[in-house]
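Please read each point alongside the sequence and the structure.

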Amino acid sequence: MTDISVRRRLEVLPRWLRLALAIGAGAVFGLGQAPWNLPWLAFAGLIVAVAMLRAAQTPREAAGIGWGVGLGYFGLVLSWVIEPFQIDAATTGWMAPFALFLLAAGLALFWALAFWGAAHATARRRLLALAVCWAAAEFARAYLFTGFAWAMLGSFWLETPVIQWSAVIGPHGLNLVTVLLAGLIVAARHWAAALGSAALLAVLLLGGQVLTPPLQDLEGRPVVRLVQPNAAQRDKWDPSRMQGFFDRQVGFTADMARNGYERPSLVIWPETAVPTLLNNAEELLGVVSDAAFPGKVALGIQREEDGRWYNSLVVAGLGGKIEEVYDKHHLVPFGEYMPAAALFRHIGVGGLAQRAQSGYSAGPGPHLVDLGDELGQALPLICYEAVFPQDVRMHPMRPDFLLQVTNDAWFGAFSGPYQHLAQARMRAIEQGLPLVRAANTGVSAVIDGAGRVIDSLGLGEAGFIDEHLPPPLRVTPYSVAGDLPMLPVLLLLGLVAFVKRRGVSR
């Protein structure tokens, strides 16, 4: 089917039907994310979206298509956003549909801007322009307004070998190449484009296979224990149940080793696992460290200093002695702190996840915690921080592994926790580092530097897992260079896509 026939077919459709088609393409594209994990169906949705852009008559029409694709994509992928509002449904439940629509519609503006920009290129270069603009829009989404890099465009490749390219070109490079591939397929009626799309797909798949590291021999590696109490969010801070959840975690910590392993060298509890401030937790930490003996324990806890509250991770050794403290530095807007707090306080709206009256304060930044010669140094990530590729490489020294503690009870029991796990796997691939994550309600997992889940404890289960800590893999190009090289690449391709030559018309 030619571009002209596609354009004519779209022209006869009412505007609302064209918008519906764009929303549907975006929703199909979203099926590449967890828990659906349908990458090739998702890619088909992306191809439809790219084809609609190619047939758009005006930049305004293109912007509408991009916004519709984004609305369908984010509306499906972020549907878990309604879950936090149901914790106290009588008070906040009415906000849920508005929050989901506003978030999806707002994020879709990034994609609308990308499609609008691409429509200003000549017809021959429009697909290249879309790849540049869409990759730039995802770059902006990851950084602007504190960033929200959840489920980036290229992350649907996670269950395929293609995802290994993110260790080389990074997630934003993968975004760019993905749209380029879709554009070549849309233009495949030309033999050069058909040949190019086949070659690029082969490089992505076969190159991904080559880049995938083999399974490591874990014999003799230190053992870590991940504790999962499965405390539902509505019960987590109930005074009548807090002690029970704490005792459950202590029991799991003290239990005998599993799988014939020796006692763990490190026991990890999830985010905000201790039901008191660190300032008053000396006795409780003593109980936990005694249960973990002879290993250390890393756990999530809140603390207060000079009237400020922090969402923290501490490492405790023998006798509950505090050896390391890390304060979360990348906070969740409207969850852990309120932008324009005075305004929202005036209308009676507060953050959902915050325990402190005025929200949490941000810590000073990434900080490695030293766990001794056997375990090495870990980079702590508290919940949301594992979503950001740039955060994981901000510290100048390379850690031995990534240590995530999280409370995914906020995300419900369907898509949110699985998407969060998927993004943790991507951080492991990008850095070539193992990642261990202890989650309150799941999924707790040990992940190797290739993004493989070595062992896990399922969603909604209470218990623990013992597993060898995988060693770090190779130093990846992305872990060294980060996102900065993408800027000149986008600039150069943007010049190719948008700078008009004499005699070339639209």
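1. The model is predicted. Asn230 sits in the loop that runs between β1 (223–228) and α11 (233–236). Although Asn230 is not a glycine, its phi is positive, at about 60°.

2. A positive phi, about 55°, also occurs at Asp306, again not a glycine. Asp306 belongs to the loop between β3 and β4 (308–316). With 72% relative accessibility, Asp306 counts as exposed, since the exposed class begins over 50%.

3. Two cis peptide bonds deserve attention. One runs from Ala34 to Pro35, with omega near 5°; Pro35 lies in the loop between α2 (15–30) and α3 (39–55). Another joins Phe293 and Pro294, with omega about 10°, and Pro294 is placed in the loop between α13 (282–292) and β3 (296–305).

4. Helix α8 (residues 126–143) and helix α9 (residues 166–186) have axes that come within 9 Å and cross at roughly 155°. The two helices are therefore roughly antiparallel, as angles over 145 degrees count as such. The crossing of α8 past α9 is right-handed.

5. Residues making this contact include Leu127, Trp134, Glu138 and Phe139 of α8, and His172, Asn175, Leu176 and Gly183 of α9. By class, the contact residues of α8 and α9 comprise 14 nonpolar, three polar and one charged.

Terms used. Residues numbered from 1 in each chain as written. Predicted model: local features only at pLDDT ≥ 70, side-chain atom pairs only at ≥ 80, totals over all residues. Heavy atoms only, no water. Axes fitted to C-alpha atoms, helices over the stretch in contact; angles between N-to-C directions. Helix = DSSP H or I, 4+ residues; strand = E, 2+ residues; numbered from the N terminus. Parallel < 35°, antiparallel > 145°, perpendicular 65-115°, else oblique. Left-handed = near helix turned anticlockwise from the far one by under 90°. Contact = heavy atoms within 4.5 Å. Nonpolar A, V, L, I, M, F, W, Y, C, P; charged D, E, K, R; others polar. Buried < 20%, exposed > 50% of the residue type's maximum accessible area, 1.4 Å probe, protein only.
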